[in-house]
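Please read it with the structure open beside you.

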Amino acid sequence: MINQKRIEKAQRYLAAEELDFLVIDDPLSLFYLTGVWVSFGKLCLSPHKVKMFVDQRYFEAVRKKGVCEVGLFSEKVLADFLQNVQHEAPIKIGFNSQKLSYAGYYKFVQFLEKIKPQIFKLIPLDEPLKDMRLVKSPSEITAAKKSAALNWQGFRYMCSLLKEGITEEALALEYEIFCRRNGAQKLAFDPIICFG
């Protein structure tokens, strides 16, 4: 399973960086590692354990995917998870410094201080999955080719709809409907359609 291999590769990255944990919480990275789209979630990786914390909306989808253990998110549950892993202090937790706001960082520091003051050390990482995501697997290459073909078909379809009086918004909606009807699960970004 491709997602399991990605998680194992991320765990090897942890060992190479001498980290005890890596916390991933941006939706794109969560999808890359688990294959499940979530708007909220935290994936905690240690070199030997993986658990994803989500709210009720995503619990079943993550559980069914079977890539990692899943739990409902609460500060208490996350604290229990971090406390039950035996490590020598300081416990080094890596996070994506490109995705975490200062307010989020400060909240995370306060949360860790409530668990065990001064036992955790946060390590900022610049896009920790970047190198992993640069090298595409054969299935990713196939998916990219399929996506490019669908986008070209969508472009040609949009050209056939051009007429006086149609709006950019209407075409954007038609494009999204076309893509979804023809196999797209999700668009990478909102369609950009401009006249003039």
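The points below go through the sheet, the helices and a few single residues.

1. **Ground rules.** The model is predicted: local features need pLDDT of at least 70, side-chain atom pairs count only at pLDDT 80 or more, and totals for chains, interfaces and linings use all residues. Residues are numbered from 1 along each chain as its sequence is written, and side-chain values use heavy atoms, with hydrogens and water left out.

2. **The sheet.** Six strands make up an open sheet. Their order is β4-β3-β2-β1-β5-β6, with mixed pairing. The edges belong to β4 (69-72) and β6 (120-125). Each has a single partner strand, so one side of each has no neighbour in the sheet. From one strand to the next the twist averages 25°. Helices (H or I, at least four residues) and strands (E, at least two) are DSSP runs, numbered from the N terminus. Two strands pair if DSSP finds at least two bridges between them. Axes are lines fitted to C-alpha atoms, for helices over the stretch in contact, and angles run from 0 to 180 degrees between N-to-C directions.

3. **Antiparallel pairs.** Strand β1 (residues 21-24) runs antiparallel to β2 (residues 41-45), and three bridges join them. Val-23 faces Cys-44 of β2. β2 is also antiparallel to β3, with five bridges. Leu-43 has Met-52 in β3 as its bridge partner. Four residues separate β2 from β3 in a hairpin.

4. **Parallel pairs.** β3 and β4 run parallel and share four bridges. Here Met-52 stands opposite Val-70 in β4. β3, α3 and β4 form a right-handed β-α-β unit. Right-handed means that, with the strands pointing away from the viewer, the path from the first strand over the helix to the second runs clockwise. Strand β5 (residues 91-96) pairs with β6 in the parallel sense over six bridges, and Phe-95 is opposite Pro-124 in β6. The chain goes from β5 to β6 through helix α5 (residues 102-115), again a right-handed β-α-β crossover.

5. **Cover on β3.** How many of the five residues of β3 are buried? Five of five. Buried means under 20% relative accessible area, exposed over 50%, and partly exposed in between (1.4 Å probe, protein chains only). Val-50, Met-52 and Val-54 point one way, while Lys-51 and Phe-53 point the other. In a regular strand the side chains alternate between the two faces of the sheet. Note that Lys-51 is among the buried residues.

6. **Helix α4.** In α4 (residues 75-83), Leu-78, Ala-79, Phe-81 and Leu-82 are buried. They span an arc of only 160° around the axis, so they lie on the same side of α4. The arc is that of the directions from the helix axis to the C-beta atoms. The buried residues of α4 pack against β1, β2, β3, α5 and β6. Contact here means heavy atoms within 4.5 Å.

7. **Glu-140.** This residue sits in helix α7 (residues 138-161). Is Glu-140 buried or exposed? Its relative accessibility is 18%, so Glu-140 counts as buried. A polar atom of the Glu-140 side chain lies 2.8 Å from the backbone nitrogen of Ser-137. Leaving aside residues up to four places away in sequence, Glu-140 touches Arg-6, Tyr-32 and Val-135.

8. **Positive phi.** Most residues other than glycine have a negative phi, and most peptide bonds are trans. Check Glu-18, where phi is near 55°. Glu-18 lies in the loop between α1 and β1 and counts as exposed at 57% relative accessibility. Check Glu-127 too, with a positive phi of about 50°. Glu-127 lies in the loop between β6 and α6 (130-134). At 25% relative accessibility, Glu-127 counts as partly exposed.

9. **Gln-185.** This residue lies in the segment after α8 (168-181). Gln-185 counts as exposed, at 64% relative accessibility.

Definitions and conventions
A polar contact is a pair of N or O atoms within 3.5 Å; within protein, one must be able to donate a hydrogen and the other to accept it, and residues adjacent in sequence count only if both atoms are side-chain atoms.
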